[in-house]
Amino acid sequence: MRFINPIPFVRDISRSKEFYRKRLGLRILEDFGNFVLFETGFAIHEGASLEQTVWGKASAWEEPYGRRNLLLYFEHEDVEAAFEIIAPHVELIHPVERQAWGQRVFRFYDPDGHAVEIGEPQNPGPAGNSHG
């Protein structure tokens, strides 16, 4: 068994595809219309169609999919440069800050209200990830 990738639900696949392509610079590996896979392994899926696939029906609610219970984590070699490019176009959670474990990161919301973190690369700790 191995974990492959999370697939956030999105309301408007075109808007989200453009957001991740244009704002974060992710390149599209495959685009199936309602599902987009980026070269990094990150993927997004149009929510109503995925709800239909998984649960047999689409929900009637129109609330944002982002629930402040998931953080989409990306790394960038120059976190300050990434901040300057991305910050003017997003709802920031906070600017670049040094975390307790020493890493500098900034956080914001994507178009669906999912929290996104951009951090500088770090050597993995004993648990195999950058977060302390």
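Contact here means that heavy atoms lie within 4.5 Å of one another. All views show a predicted model.

**View 1. The surroundings of Ile118 in the predicted model.** Beyond its neighbours within four places in sequence, Ile118 is in contact with Leu24, Phe74, His76, Val79 and Ala82, and also with Ile86, Arg104, Val105, Phe106 and Phe108. Ile118 is also among the residues with the most contacts inside the largest nonpolar core.

**View 2. The largest nonpolar core.** This core has 22 residues, and those with the most contacts inside it are Tyr20, Leu24, Phe74, Phe108 and Ile118. At least two residues of the core come from each of the following elements: helix 1 (13-23), strand 3 (35-38), strand 5 (71-75), helix 3 (79-86), strand 7 (104-109) and strand 8 (115-119). The most is given by helix 3, which supplies 4 residues.

**View 3. Strand 4 and the directions of its residues.** Strand 4 covers residues 43-46. Ala43 and His45 point one way from the strand, whereas Ile44 and Glu46 point the other way. All of these residues are buried.

**View 4. Strand 1 beside strand 4.** Phe9 has His45 of strand 4 as its bridge partner.

**View 5. The hairpin of strand 3 and strand 4.** These strands pair in the antiparallel sense over 3 bridges. Val36 stands opposite Ile44 in strand 4. The hairpin has 4 residues between the strands, and Gly41 takes a positive phi near 100 degrees.

Conventions: Residues numbered from 1 in each chain as written. Predicted model: local features only at pLDDT ≥ 70, side-chain atom pairs only at ≥ 80, totals over all residues. Heavy atoms only, no water. Core = buried A, V, L, I, M, F, W, Y, C linked by side-chain atoms within 4.5 Å. Buried < 20%, exposed > 50% of the residue type's maximum accessible area, 1.4 Å probe, protein only. Pairing = 2+ DSSP bridges.
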